[in-house]
Amino acid sequence: MFKSMSDKRSFVRFARIIPIRFKDCDKDEEGNGKTKDISAKGVGFVTDVALTSDVNLELWLYIPDNYEPLCAQGKVVWSSMIAPKTYRIGIDLTKVDFLGIARILKIKQNDPHQPD
């Protein structure tokens with residue numbers, strides 16, 4: 001869990017690394033990545049797909065708990081190239097199942113390899 005003094009988010013972010021698939025709703029293009037952090041209102045992830053701000057996405061988070069993927073919708077609020085063909089993306093979740101978020105937060109209990 002982390003939150004800096006300059007962080008103006010309403011919800012605490014938790015570091016969680018899980019596979020994510022996304023679809024650009026406007027271009028009907030899909031991509032994959034791995035989450036870096038998640039909160040009740042947002043997701044940060046890394047991908048090889050360049051996304052621009054204000055892009056609407058459908059998201060599928062593949063939580064390692066033997067249930068269906070968590071489906072959500074969100075909007076890209078920022079994107080930054082962190083290496084050649086590697087982008088860090090920040091998503092504002094506009095539609096999410098909060099019980100699904102609870103599933104993600106529980107995976108640390110079951111997976112000792114998840115970061116704090």
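The following paragraphs go through a predicted model, from its overall fold to individual residues.

The protein contains one helix and seven strands. Along the sequence these elements follow the pattern β-β-β-β-β-β-β-α. Of its 116 residues, 38% are buried. The exposed surface comes to about 7100 Å², and carbon and sulfur atoms supply 53% of that area. Among contacts with a separation of 6 or more, 51% are between residues 24 or more positions apart.

β7 pairs with β6 in the antiparallel sense, over nine bridges. Within this pair, tryptophan 78 stands opposite glycine 90 of β7. The hairpin of β6 and β7 has two residues between the strands, and lysine 85 takes a positive phi near 60° there. β7 also pairs with β4, again in the antiparallel sense, over six bridges. In that pairing, valine 43 has isoleucine 91 of β7 as its bridge partner.

Next comes the nonpolar interior. In soluble globular proteins, nonpolar side chains tend to be buried together. The largest nonpolar core in this model has 22 residues, of which Phe45, Leu57, Leu59, Leu61 and Ile91 touch the most other members. Elements giving two or more residues to this core are β2 (19-24), β4, β5, β6 (70-83), β7 and α1 (98-110). The largest share, four residues, comes from β7. For leucine 59, contacts beyond four places in sequence are with Ile20, Arg21, Phe22, Leu70, Cys71, Ala72, Ile91 and Leu93. One of these partners, Ile91, is also among the core residues that touch the most other members.

Is leucine 51 buried or exposed? Leucine 51 counts as buried because its relative accessibility is 8%, and the cut-off for burial is under 20%. Apart from its neighbours within four places in sequence, leucine 51 is in contact with Phe22, Phe45, Leu57, Val76, Ser79 and Ile89. The C-alpha atom of leucine 51 is separated by 9.9 Å from that of methionine 81, a residue 30 positions away along the chain.

Which side chain does the side chain of arginine 88 meet in a polar contact? The partner is the side chain of aspartate 37, at 3.0 Å. Not counting residues up to four places away in sequence, arginine 88 touches Lys36, Asp37, Gly44, Phe45, Val46, Trp78, Ser79, Ser80 and Ile82.

The cysteines are the last topic. A disulfide is a covalent bond between the sulfur atoms of two cysteines. How many disulfides does the structure hold? There are zero. Cysteine 25 is partly exposed, with a relative accessible area of 37%. Cysteine 71 is also partly exposed, at 46%. Cysteine 71 is one of the residues in contact with leucine 59.

Key
Residues numbered from 1 in each chain as written. Predicted model: local features only at pLDDT ≥ 70, side-chain atom pairs only at ≥ 80, totals over all residues. Heavy atoms only, no water. Buried < 20%, exposed > 50% of the residue type's maximum accessible area, 1.4 Å probe, protein only. Contact = heavy atoms within 4.5 Å. Disulfide = S-S within 2.5 Å. Polar contact = N/O pair within 3.5 Å; in protein donor to acceptor, adjacent residues only side chain to side chain. Areas by Shrake-Rupley, 256 points an atom, 1.4 Å probe, with all protein chains shown as cover. Core = buried A, V, L, I, M, F, W, Y, C linked by side-chain atoms within 4.5 Å. Pairing = 2+ DSSP bridges.
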